[in-house]
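The sequence and structure come first.

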Amino acid sequence: MKKLMVAKSAGFCFGVSRSVKMAEEMLAAEQNCYSLGELIHNDDVVQHLRSEGLTVVDGPEQIPQGASVIIRSHGEGKEVYDRLAAMGCPVADATCVKVAKIHEIVKDASDRGRQVIIIGAPEHPEVRAIAGWCIGAKIFRNEAELTVFLEEWKENPQKPVTLVSQTTSTDRIWTPCREKVKKECTNAEIFDTICNATCMRQSEAQSLAEQCEAMIVIGDRKSSNTTRLAELCRAHCPLVYNISRAEELDRRKVSGVASVGITAGASTPGWIIKEVKDKMSEEMNNAMEIEESFADMLEKSIKTLNTGDKVTGVVTGITATEVNVDLGTKHAGYIPVSELTDDPT
Ligand code: F3S
């Protein structure tokens with residue numbers, strides 16, 4: 001391998017980095033805190049926070065009255081906030097500002113009697129939380145699902161539509177949905193809420209994948225943005241490996257390729273990216289050392305001559321003016337007839 005490129009946008013996004021920092025601050029002040037779901041999709045970080053005193057629970061019913069709670073960057077629905085307030089739980093709200101903005105949009109749309117449509121994965125916590133800020137949101141994964149709904153909706157368009165997207169969606173999914181709603185719905189409000197940190201990471205990953213013979217995508221397989229990054233890379237690069245940490249990297253798989261790109265999902269901490277990068281750099285140095293030592297061996301196998309050396313060679317040709325001699329060096333030797341002698345002294 002001769003070239004290793006690491007995406008500048010690889011790793012923690014602003015929202016994730018803020019949530020981890022808030023959790024660490026909260027745990028520094030108080031040993032027993034709760035998080036609704038794992039703070040981020042990364043086992044190492046979650047384990048570290050657990051060891052510091054963070055208990056991960058599935059819902060408010062598992063939290064004792066008055067205990068401190070952190071809300072992760074995916075956010076939570078309004079009901080959860082109301083419940084925690086009723087239980088007297090102090091809340092550290094690490095909902096990403098970009099996700100909180102979507103909550104505002106859908107709440108406002110719903111208050112004005114509009115039908116909210118979310119383009120995203122219905123089971124994803126961020127999408128469930130968005131739906132929790134409006135009444136009767138419809139959630140569709142893609143244009144095909146949206147089309148089925150709009151066919152029926154066209155017959156009976158009681159409400160104007162407000163369209164938003166999960167922050168980690170892709171242009172490939174979002175653009176046809178947006179165009180469909182534009183075409184089919186009158187008075188539609190459309191908010192492109194894909195996060196630009198996600199867009200940047202995706203487009204950088206794509207461009208690296210186009211330039212490299214192999215791509216390593218680092219991130220937990222539970223993380224939807226990591227999965228999407230790997231999918232996008234696969235469309236441009238034949239060898240894509242999704243690993244969650246350096247130990248999973250089998251260097252033999254990439255040792256024969258000329259260039260390797262590295263990117264990482266938004267929940268991948270910098271130290272894991274560094275471990276993978278160091279491991280690959282080692283591989284690269286080894287490959288260079290092997291190349292260099294092969295060149296040395298080749299060089300050493302060929303004799304060099306210095307002025308004054310006495311050498312023995314094999315006559316390979318005789319002409320009227322010179323004798324050609326193979327001396328086992330890079331270049332053939334020539335002895336002009338004028339310098340030739342048969343005197344052994
Ligand atoms: Fe926020 Fe974007 Fe990250 S929405 S949590 S900055 S991917």
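## A bridge pair and its sheet

In this predicted model, I118 has I139 as its bridge partner in β7. Strand β6, residues 115-119, pairs with β7 in the parallel sense, and 3 bridges connect the two. Both strands belong to an open sheet of 4 strands with parallel pairing, ordered β7-β6-β8-β9. The edge positions are taken by β7 (138-140) and β9 (189-190); each has a single partner strand, so one side of each is left without a neighbour in the sheet.

## Helices on this sheet

Two helices can be described against this sheet. Helix α4, residues 97-111, packs on the sheet and touches β6 and β8 (161-165). The direction of α4 makes about 165 degrees with that of β8.

Helix α7, residues 171-184, also packs on the sheet, with β6, β8 and β9 as the strands touched. The direction of α7 makes about 175 degrees with that of β8.

## The sheet containing β1

Another open sheet is built from 4 strands in the order β1-β12-β10-β11, with parallel pairing. Here β1 (3-6) and β11 (239-243) stand at the edges; because each has a single partner strand, one side of each is left without a neighbour in the sheet. Neighbouring strands of this sheet are turned by 20 degrees against each other on average, direction ignored.

Strands β1 and β12 (residues 259-264) run parallel and are joined by 4 bridges. Within this part of the sheet, K3 stands opposite S259 in β12.

## Helices on the β1 sheet

Helix α8 (residues 196-211) packs on the sheet, touching β1, β10 (214-218) and β12. Its direction makes about 165 degrees with that of β12. Helix α9, residues 224-234, lies across β10, β11 and β12, and runs at about 175 degrees to β10.

## Ligand site

Where does the ligand sit? The ligand is placed in the largest cavity. The residues surrounding the ligand are C13, G15, C96, K98, T167, C195 and T198. By class, the shell around the ligand divides into 3 nonpolar, 3 polar and 1 charged residue.

Technical notes: Residues numbered from 1 in each chain as written. Predicted model: local features only at pLDDT ≥ 70, side-chain atom pairs only at ≥ 80, totals over all residues. Heavy atoms only, no water. Near = heavy atom within 4 Å. 1 Å grid on protein atoms, 1.4 Å probe; cavity = no way out; pocket = protein on both sides within 12 Å on 5 of 7 lines; lining within 4 Å. Sits in = over half its atoms within 2 Å of the grid points. Nonpolar A, V, L, I, M, F, W, Y, C, P; charged D, E, K, R; others polar. Pairing = 2+ DSSP bridges. Contact = heavy atoms within 4.5 Å. Axes fitted to C-alpha atoms, helices over the stretch in contact; angles between N-to-C directions.
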